[in-house]
Amino acid sequence: MSDNILARAGKMHGDKIECREKYKAQLEIKTHRDYVLNLLTWLKSERYVHLSFMSCIDWIEENEFELVWHVFSYESKNHILVKTRLNREKPWMHTAINIWPHVQPYEQEIHEMFGVYFPGNPDLSGLFLHNWLDLPPLRKDFIAKDYSLALYTTDALGLTPPFDDIDIVEITAEESRDGE
Amino acid sequence: MEMDNLYLANLREEKQNMWGGLVNYFRKRSMWMLYYCTGCGAIELPPTMTSRYDMERLGMGPMATPRQADLLLITGYLSVKTLKRVIWSYEQMQEPKYVVGFGSCPINGGIYWDAYPVINHLEAFIPVDMSIAGCMPRPQAIIDAFEKLMGEIQEGKAIGYKRYEKHYDWYKKNQDAVLGRTEAVLKPWNDPFASNPSVDELMALEKGESNV
């Protein structure tokens with residue numbers, strides 16, 4: 001870490017965070033849900049100005065969701081993963097929209113795909129799914145195969161049409177145009 | 001039964017019209033296509049169109065809008081959201097119109113058969129005149145399919161648009177089953193935050209829970 005961010009983070013935040021150097025230029029910081037915004041604000045003031053991405057992971061066996069913010073610095077070229085865990089039954093997270101406005105569609109997508117709620121985000125309407133009424137599809141307890149079998153298969157749709165025009169019938173010589 | 005068969009009816013109609021065969025000849029020789037680049041198949045079209053395989057020698061060319069096109073190409077997998085747009089485009093096209101499905105995905109879902117947003121059988125929603133198997137089909141296969149389609153147009157066999165008109169209720173039923181659902185397919189989703197609570201309310205709720 002060229003800018004010594006690991007040591008400075010430990011000094012600044014103490015036991016509120018849990019730091020680990022994953023790779024030469026990649027740092028992982030785990031923290032509590034209510035401390036994430038403090039940490040992100042501090043990182044932004046430490047020249048980590050770019051939020052590359054935000055994602056969500058479903059740890060169904062631990063009954064938790066994990067949110068990850070990917071933060072990058074153009075000066076030290078380091079990549080920091082800020083991670084936090086949420087209860088899977090009632091997952092909600094403070095919105096980071098006041099730190100990075102462009103986090104809005106990421107939160108909107110996570111809300112649509114996992115059902116994580118972001119109070120303060122002005123628009124959590126549907127983004128990609130059409131007329132969706134089932135479980136959010138990227139949750140592990142949503143079985144995509146069963147969904148596909150129940151909706152798109154020949155049994156579900158009745159693919160065999162109630163008409164026989166699809167079969168080209170044998171043509172007699174008098175019907176055929178060649179017979180003219 | 002024979003009277004109900006659209007193909008025979010079409011043939012008889014064409015026979016009564018002295019220009020039937022001639023019109024078909026010109027139709028097959030000037031097909032303008034609207035390619036719906038839904039999936040990976042679109043990448044096979046540039047080599048088919050440009051000098052190596054040269055689609056234009058068959059009288060085919062790209063067209064900008066559905067209202068001026070004769071041929072709709074579904075190049076690859078179709079998601080539910082795209083299906084709606086495909087149906088709109090198809091219904092805007094003027095008759096006679098033909099549909100070609102590229103690759104395995106419009107036939108049976110291909111490698112996306114168990115994915116939640118991808119439909120499996122295109123022919124349940126709009127009539128498909130020609131399907132090209134493969135993932136993806138090479139330009140040779142595409143040219144071959146177009147030549148076969150031209151043959152079918154000449155013979156009066158490519159009558160998907162008439163089938164759509166005659167059996168519209170069946171197609172519409174399938175379209176509505178996928179696009180106009182009113183209830184959940186597997187398990188309805190009860191959003192615990194449906195009332196849009198604020199942060200303060202949520203914090204108070206969690207504190208109350210932890211005290212209990």
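User: How many residues does the contact take from chain A and from chain B?

Analyst: In this predicted model, chain A gives 35 residues to the contact and chain B gives 42 residues. A residue counts here because its C-beta atom lies within 7 Å of one in the other chain.

User: Which elements of chain A give two or more residues to the side that touches chain B?

Analyst: They are helix H4 (144–151) and helix H5 (154–157) of chain A. The largest share, seven residues, comes from H4(A). By class, this side of chain A has 19 nonpolar, eight polar and eight charged residues.

User: What does the predictor give the complex as ipTM and pTM?

Analyst: The ipTM is 0.81 and the pTM is 0.82.

User: Where in chain B is confidence lowest, and where is it highest?

Analyst: Helix H1 (residues 6–16) of chain B is lowest, at a mean of 75, and helix H4 (residues 80–92) of chain B is highest, at 92. Chain B averages a pLDDT of 85, and 96% of its residues score at least 70.

User: What makes H4(B) and helix H8 (residues 168–179) of chain B a pair, and at what angle do they cross?

Analyst: Their axes come within 10 Å and cross at roughly 145°. The crossing is left-handed. Val80(B), Leu83(B), Lys84(B) and Ile87(B) in H4(B) meet Gln175(B), Val178(B) and Leu179(B) in H8(B). The residues of this contact divide into five nonpolar, one polar and one charged.

User: Why is Leu71(B) called part of a nonpolar core?

Analyst: Leu71(B) belongs to the largest nonpolar core, which has 44 residues. A member must be buried, with 20 or more other C-beta atoms within 10 Å of its own, and joined to the set through C-beta atoms within 7 Å; Leu71(B) therefore meets both conditions. Leu72(B), Ile74(B), Leu78(B) and Val100(B) are, with Leu71(B), those with the most contacts inside this core.

User: Which element gives the largest share of this core?

Analyst: Helix H6 (139–155) of chain B gives the largest share, six residues.

User: What is Ile74(B) in contact with, leaving aside its neighbours within four places in sequence?

Analyst: Among its contacts are Tyr36(B), Val86(B), Val99(B), Phe102(B) and Leu122(B).

User: Which residues does the second, separate core include?

Analyst: This core of 30 residues includes Ile29(A), Val36(A), Val82(A) and Val116(A). Buried residues make up 26% of the 180 residues in chain A.

Key: Residues numbered from 1 in each chain as written. Chains lettered and ligands numbered in written order. Predicted model: local features only at pLDDT ≥ 70, side-chain atom pairs only at ≥ 80, totals over all residues. pLDDT = per-residue confidence, 0-100. Helix = DSSP H or I, 4+ residues; strand = E, 2+ residues; numbered from the N terminus. Axes fitted to C-alpha atoms, helices over the stretch in contact; angles between N-to-C directions. Left-handed = near helix turned anticlockwise from the far one by under 90°. Contact = placed C-beta atoms within 7 Å. Nonpolar A, V, L, I, M, F, W, Y, C, P; charged D, E, K, R; others polar. Buried ≥ 20, exposed ≤ 12 C-beta atoms within 10 Å, placed from the backbone.
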